[in-house]
Amino acid sequence: MDAWLQQLLAALALPEYGLSTLFVVAFVAATLLPMGSEPVLFGLVKLNPELFWPAIAVATAGNTLGGVVTWWMGLGAHHVVDQWRDSPTHLRALTWLQRIGPPACFLSFLPVIGDPLCAVAGWLRMPLAPCTAWMAAGKFTRYVVTTVALLYVWPEKLAFAH
């Protein structure tokens, strides 16, 4: 089983598979599904250091497009949320988000609240283009910071990559 796992990880790390795998994982991670793409990004960069910037770009693109899908889901769910329109928490969150506007989508990189934030931005019918730009900026920043931090913590090459 260990040899099979090493072969699978080595195959997924190949640039022709690694970047596409990273894109899919980053895309899915930006929807309301609870998963992270940082471990995939870190693994790919550890195995292929020359792919640092292409991997950051692919992860950012996949995660941003996933955020856009979440924005569209929020827009489509507009009528469902109407039943909670008068709750105090809902009103505070909506007031804050409406006051900040699309720049609030920069916070889409945050765990737990980031993806629902994109959905609420869509639900509020905030303009897609500025929301997408702010999402991309936040996600890019997260990927650079987390990957550099992980590379600093684990600077040695992974054992199965030899």
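Me: What should I know about the model before reading any value?
Reply: This is a predicted model, in which local features need pLDDT of at least 70, side-chain atom pairs count only at pLDDT 80 or more, and totals for chains, interfaces and linings use all residues. Residues are numbered from 1 along each chain as its sequence is written, and side-chain values use heavy atoms, with hydrogens and water left out.

Me: How do you know where confidence is lowest and where it is highest?
Reply: pLDDT is the predictor's confidence in each residue, from 0 to 100. The protein has a mean of 83, and 80% of its residues reach 70 or more. Confidence is lowest in helix 1 (residues 2–13), at a mean of 63, and highest in helix 8, at 94.

Me: How many helices and how many strands are there in the protein?
Reply: Helices are DSSP runs of H or I with at least four residues, and strands are runs of E with at least two, numbered from the N terminus. On those terms the protein has eight helices and zero strands.

Me: Which residues does Leu75 touch?
Reply: Contact means heavy atoms within 4.5 Å. Leaving aside residues up to four places away in sequence, Leu75 touches Ala119, Gly122, Trp123 and Arg125. Leu75 and Ala119 are 44 residues apart along the chain, and their C-alpha atoms are separated by 7.0 Å.

Me: What makes helix 7 mostly covered?
Reply: In helix 7 (residues 114–123), eight of the ten residues are buried. Among them are Ala119, Gly122 and Trp123. Helix 7 is followed by Arg125, which has a positive phi, near 60°.

Me: How do you know whether Trp154 is buried, partly exposed or exposed?
Reply: Trp154 has 42% relative accessibility, so Trp154 counts as partly exposed. Trp154 is found in the segment after helix 8 (128–153).

Me: How much of the protein is made up of buried residues?
Reply: Of the 162 residues in the protein, 36% are buried.

Note on methods: Buried < 20%, exposed > 50% of the residue type's maximum accessible area, 1.4 Å probe, protein only.
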